[in-house]
Amino acid sequence: MAPAAALFVGLMSGTSLDGVDAVLVDFSGSHPRTLATFWLPYSPEVRNQALQLQATGNDEIRSAAHLSNQLANCYAHAVREVLAAAGTTPEQVAAVGCHGQTIRHQPAAGYTVQLNNPALLSELTGITVVADFRSRDIAAGGQGAPLVPAFHAAVFGDPRQHRVILNVGGIANLTDLKPGSPVRGFDCGPGNLLLDAWIERHQGLRYDEAGNWARQGRVITGLLTRLRADTYFSADPPKSCGRDDFNMPWLESHLAGDEAPADVQATLLELSALAAARAVEQWCGHPDAMFVCGGGARNDALMARLQQLLPGCRVANTDILGQPADWVEAVAFAWLASRTLRGEAGNLPEVTGARGPRVLGAIYPR
Ligand SMILES: Nc1ncnc2c1ncn2[C@@H]1O[C@H](COP(=O)(O)OP(=O)(O)O)[C@@H](O)[C@H]1O
Ligand SMILES: [Mg+2]
């Protein structure tokens with residue numbers, strides 16, 4: 001059994017609003033070892049409440065508090081399951097690192113909001129909780145995102161290979177790991193969230209399995225050009241984005257209205273692929289390999305298109321590096337929690353634009 005100080009739970013609930021990824025990780029070795037995983041899908045009720053809170057509405061303080069408590073219950077459920085799967089007790093776990101559910105991300109205005117009730121989560125689990133990782137970086141002048149590049153560097157960095165790590169969640173972010181150069185990283189734009197929203201509207205499905213529906217459509221060049229003209233894509237890093245920037249009203253504002261739905265899906269897939277590939281070309285030079293994680297790594301059409309757009313770069317998912325693509329972000333938040341407990345910084349100022357390294361998050365002792 002690992003020493004008590006080495007076991008952490010990571011909980012990631014991203015902008016896709018698909019649910020909670022939970023991992024139990026042992027950090028006692030040279031590389032993180034994932035002992036158990038558990039995925040808890042959100043109920044339609046929780047998902048709809050979170051979607052509603054993405055925009056200004058009535059009685060938001062009550063709604064946010066109510067949803068925070070429901071989320072804490074989801075998180076506690078996921079913790080119980082992942083511990084049970086590994087036969088581990090709460091006493092053996094040093095801390096839970098919990099991202100929370102983003103409902104606003106406005107770094108330029110000085111705030112980001114990840115709903116959670118970490119005090120309740122600590123009560124429900126009997127484990128120390130580290131939460132609210134992003135605020136401190138924003139307080140120090142940073143974007144508060146992405147926070148995973150430090151973890152990517154620690155786990156995926158290779159002195160002999162120029163690697164890019166692309167995390168395709170609701171939003172996509174990339175990390176440039178060039179040997180001998182500082183780590184770079186930023187959000188490159190929409191990942192899955194527009195693809196998900198469009199197929200949900202037209203087919204009632206939560207996502208486009210393997211990108212098969214997108215494959216049936218044809219890219220609408222005019223629409224793609226209008227979408228690509230959004231200033232986010234041409235802005236220099238540091239930069240980060242969220243549902244605040246890319247959402248259905250944003251897409252609708254660019255539609256003529258007579259497009260075939262499958263063609264729009266094909267165009268959205270092309271938009272996500274181009275956002276990542278052009279960002280790699282512009283900011284990362286000529287990497288040897290790009291390793292993809294997040295749910296988007298399961299979108300075969302997207303993966304194939306990324307490989308076409310980056311012919312000189314091997315595109316694969318992180319599974320082959322020993323970190324299964326679906327769990328990388330949750331492991332990263334377990335790792336960030338371990339940094340916080342040790343009093344070590346979790347952000348990379350060169351990535352987020354913060355004034356300096358900062359110990360991230362708040363600790364809610366067991
Ligand atoms: N088999 C698949 N085919 C296509 N897309 C998938 C598949 N599995 C997952 N996804 C996509 O991944 C998303 C979830 O990715 P995730 O990494 O959890 O994002 P987030 O961190 O934003 O929650 C789903 O909403 C879906 O769009
Ligand atoms: Mg998710």
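Predicted model: local features only at pLDDT ≥ 70, side-chain atom pairs only at ≥ 80, totals over all residues.
Q: What separation is found between the centres of domain 1 and domain 2?
A: The chain is divided into domain 1, residues 4-144 + 327-364, and domain 2, residues 148-321. Taken over C-alpha atoms, the centres of the two domains are separated by 23 Å.

Q: How much area do domain 1 and domain 2 bury between them?
A: The contact involves 27 residues of domain 1 and 28 residues of domain 2. Carbon and sulfur atoms carry 58% of the buried area, and the total is about 2200 Å².

Q: Which residues in domain 1 lose the most area to domain 2?
A: Three residues of domain 1 together account for 26% of what that side buries. These residues are Thr 15, Val 328 and Val 351.

Q: How far apart are the closest N and O atoms of Arg 47 and Glu 200?
A: A salt bridge requires a side-chain nitrogen of Lys or Arg within 4 Å of a carboxyl oxygen of Asp or Glu. Arg 47 forms such a salt bridge with Glu 200, and their closest N and O atoms are apart by 2.9 Å.

Q: At what angle do helix 11 and helix 12 pack?
A: Helix 11 spans residues 261-284 and helix 12 spans residues 300-309, with their axes 9 Å apart. Helix 11 passes helix 12 in a right-handed crossing. The packing angle is about 35°.

Q: How many residues of the contact of helix 11 with helix 12 are nonpolar?
A: Residues of helix 11 including Leu 269, Ala 273 and Arg 278 meet residues of helix 12, among them Leu 302 and Arg 305. The contact residues comprise four charged, one polar and, as nonpolar, nine.

Note on methods
Residues numbered from 1 in each chain as written. Chains lettered and ligands numbered in written order. Heavy atoms only, no water. Axes fitted to C-alpha atoms, helices over the stretch in contact; angles between N-to-C directions. Helix = DSSP H or I, 4+ residues; strand = E, 2+ residues; numbered from the N terminus. Left-handed = near helix turned anticlockwise from the far one by under 90°. Contact = heavy atoms within 4.5 Å. Nonpolar A, V, L, I, M, F, W, Y, C, P; charged D, E, K, R; others polar. Domains from an automatic or database assignment. Buried area = accessible area lost by both parts, 1.4 Å probe.
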